[in-house]
Every structure is written in structure tokens, then in C-alpha cells.
Amino acid sequence: MSAASLLTILLLALSITGSPVEVNNSPITLPIARRLSVLNGTINALEQDKARVAAFRLKDYNLTHGGHGVPVANVGNGYYVAVGIGNPATTYYLIVDTGTSNTWVGARTPYVPTSTSFNTGENVKVIYGTGHFFGMEYTDTFDFGNGLAIAQQSIGVATETSGTFGEADGILGLGPVGLTAGSLTDEPRTTIPTVTDNLHSQGTIHREVVSISFQPTTSTQSMVNGELTFGGTVRNKHGLITYTPITTTSPASYYWGIDQSISYGSTTILSSTAGIVDVGTTFIHIATDAFDQYQSLTGGTLDSATGLLLISSTQYGALQNLNFNIGSATFSLTPNGQIWPRILNTYIGGSSNAIYLVVNDLGTPSGKGFDFVNGYPFTERFYCIFDTSRSRVGFAPTSYTDATTN
């Protein structure tokens, strides 16, 4: 689908979103569109995930050694939001990413300064797990539409990029502000106010809360199937919310990190430990020892074509729930929630009739301070609330929790 068609979808969705049922502080809800970027008929989603996860784990090393490595944007299977920048505004399509905090543009559509643009004179850089962007820091009017705008929002304007960002113009960083430290070349200890920070400080939103809801989908086309809400949640989109504090365990604590345990059926495969929740990671990744148990219990075998665990129809029929025990609540992925949508098998290089599991090896044993990543299969099934003001993350069941997509 062309960029023009994507804009039409997003603008149409903005016009019909309407007023959300308010939970607190007049939340504003915006549509986000999923895009599956396919190159030569397939995507390397798992390889992108591995590069992203590796960068997550290296956060402590990067801080100690003066680097600024952050996760690569997973453009193979991403969610985009349309943002107007400047006056008159140019529309940019940005990847929604909770694993990074810098917001920048210029990967595809050039940034054109307007009457509201201000060049701060600061050089900015972000080194990703693979790829990078270098450029200048500007402040400018940042308009999401639907009555949500920010004056003088800091943005990076790319003059050089490497790697691929698919059809995205850049990234909307929704991670904690601490992740921006080191991105200003001449002020490596200075953090840059994020979009969420500025919504709060300018009084547009009275609490630094971002909530995200996705609908599981099997479509290969760009489509609006998610919502990004600033300032609260949409009551009729979720059940009872369970909040848990951001973990104190490093390096998960730099991100939207939490403590949880994981069980397969009644068998605990990962004792209570730290990891992160991330809407920019395609799969679920768990520590090697937990993955080995999961593989043994499910009977899956590694598939050389996709890198995923492959199971038979009989094994699928015997799958048990995968339970994420967070605080006082348990969030369960049903068997259907643990498998890659079969209609998309060929797009990851797999066989059309095969059954692939979405749980993967993190690459390190548990006890390293970063033992899991709850990616799309989790965030598509449960409503996620990222609350900076209270240093916590919340989860709630949705109508998609038990949805069947295969």
C-alpha cells in the first residue's frame, strides 16, 4: 500500500474515532496502522528481533563505555502513526516504539523547516542495534490531530541514516526519558524531553500515561488495527487493570521493565525475574533455560527455514496455556496465541501449512537482569499502560485476549 493510501486510512480513522470513554484526565486516542514490510517475498523478522534484543541487553555496557547503542526498529512488522510537524504541517509516518525514546524524522520524507522550526544547534545521534541516524536537533510544532498538539517538541532531523526503516519516516520514541541520554553529541549526560514528557509539562495531558491496544490480525495489507491513547485508557476497550512497578533490576530497569514469572500449564519455566514489555518486538523471547524447558514441554523442533519452533497438528492440540504471572494477576496466552498466524507463514519463509511457535530463545541464561521480552504476541492480546508519572506498567484483558486468528 502506498504512503498516500496509508494517510487516507489514518485520516479516515481519525475522523471516526470519536470521543473515548474517559478514565482520567481527558485521554485522547489516535489510530495506528500495522504494516508488514516484505522484501523479495519474505521478511527477516526473527533476525531483526535478535538484533533488537541484543541491543537491549547491552544497555549497561553502553553506559559504562560511553556508547549509546539502542534497539533497532523492527520495520518488518511495525505499527505506524501519522504526525504533522511544522506550520504548515508535513505529515510523517513514524514507527511507534516503546523500546526507544528519541523521536526523529527524515528517513524517507525530508524535513522542511517552517515558521515554527528552531534549530538548537545540537548534533544528535542514535546508534541502533543495526543502523543509525545522525542529524541535528530541532524543536517544532508536533500535531497528532484530534486536538492533540505539542509546541516546541524536540525532534531529531536525520542528515544520515544506515540500515533500513522500511516505509517509515522515522520513530516515535515512547520509552523512558533516560534512554535519550547520550544522544546529544556535545552533551552526553543531558536527556531530551520525550513526547510524553512534553504532553505532561505543557498541560495537554495531566498525567504521563500512554496506553496501547492492538488487534491481532492476519492481514498482509497496511490497516488500522490499533490505538495509541495519551492521558489514560479507554474504558470500554479493556477489563480490570493490574499495575506493577518498573523493576529495579538493571538493565531491564532502563526500559519498560517489570518482574514476572512464566509457567507453561502448571510447570514454572522461568522463576520471578526481570525483563521488559515492548511493542516493537515481533516475538516473545525468554531466557535460554526457560526456552529449553518450553521446547521440551511443547515438543517443538527448530525449523531451519524460519528459525522458529515447529510443531505438528497433534502437538498443537496438546498445547497448554503460557502464563505470565505479573503482580497478583496471571495473563495467559492460549494455544492460539502462541503460534504465528498461518496465513503469514510464507512471509517469514515458512511452509504455508506448518505451525510455528512465537516463543524464542533470548540467547542468554536467566539471572542476567534481562530475562524476557514480552513482544507483539503479548501486547496484541492485552491492553498495555505505560505510566511514567508513577513508574509503573499496567495490563488488562481485552476482547482480543482469547481471539482466534489461525
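These are my notebook entries on a predicted model of one protein chain.

**Ground rules**

I number residues from 1 along each chain as its sequence is written, and my side-chain values use heavy atoms, with hydrogens and water left out. Because the model is predicted, I take local features only at pLDDT of at least 70 and side-chain atom pairs only at pLDDT 80 or more, while totals for chains, interfaces and linings use all residues.

**Entry 1: the whole chain**

I looked up the secondary structure and found seven helices and 24 strands. These are DSSP runs numbered from the N terminus: helices are H or I with at least four residues, and strands are E with at least two. Of the 406 residues, 57% count as buried; buried means under 20% relative accessible area, exposed over 50%, and partly exposed in between (1.4 Å probe, protein chains only). I then checked the surface: the chain exposes about 14900 Å², with carbon and sulfur atoms supplying 50% of it. Those areas come from the Shrake-Rupley method with a 1.4 Å probe, and for residues only the protein chains shown count as cover. Among contacts (heavy atoms within 4.5 Å) with a separation of 6 or more, 68% are between residues 24 or more positions apart.

**Entry 2: the annotated site**

Which residues does the UniProt annotation "active site" cover? The unreviewed entry gives Asp 97 and Asp 278. They span 182 residues in sequence, yet no two of their C-alpha atoms are more than 7.7 Å apart, so they gather at one spot. I keep in mind that UniProt positions are given in the numbering used here, that feature names are shortened, and that annotations may be inferred rather than shown by experiment.

I found Asp 97 in strand β4 (residues 90-97), where it is buried at a relative accessible area of 1%. A polar atom of the Asp 97 side chain lies 2.8 Å from the backbone nitrogen of Gly 99.

Asp 278 is in the loop between β14 and β15 (284-286) and is buried too, at 0%.

**Entry 3: rings**

I counted 18 aromatic pairs. Rings of Phe, Tyr and Trp (its six-membered ring) pair if their centres lie within 6.5 Å; planes under 30 degrees apart are stacked, over 60 edge-to-face, and the rest tilted. Tyr 79 and Tyr 376 make an edge-to-face pair, 5.5 Å centre to centre with 75 degrees between the planes. Tyr 79 lies in strand β3 (residues 77-85) and Tyr 376 in helix α7 (residues 376-379), so the pair ties together parts that are 297 residues apart in sequence. Both tyrosines, Tyr 79 and Tyr 376, are buried. Elsewhere, ring pairs link Phe 324, Phe 331, Phe 378, Phe 382 and Phe 395 into a cluster.

Note on methods. Polar contact = N/O pair within 3.5 Å; in protein donor to acceptor, adjacent residues only side chain to side chain.
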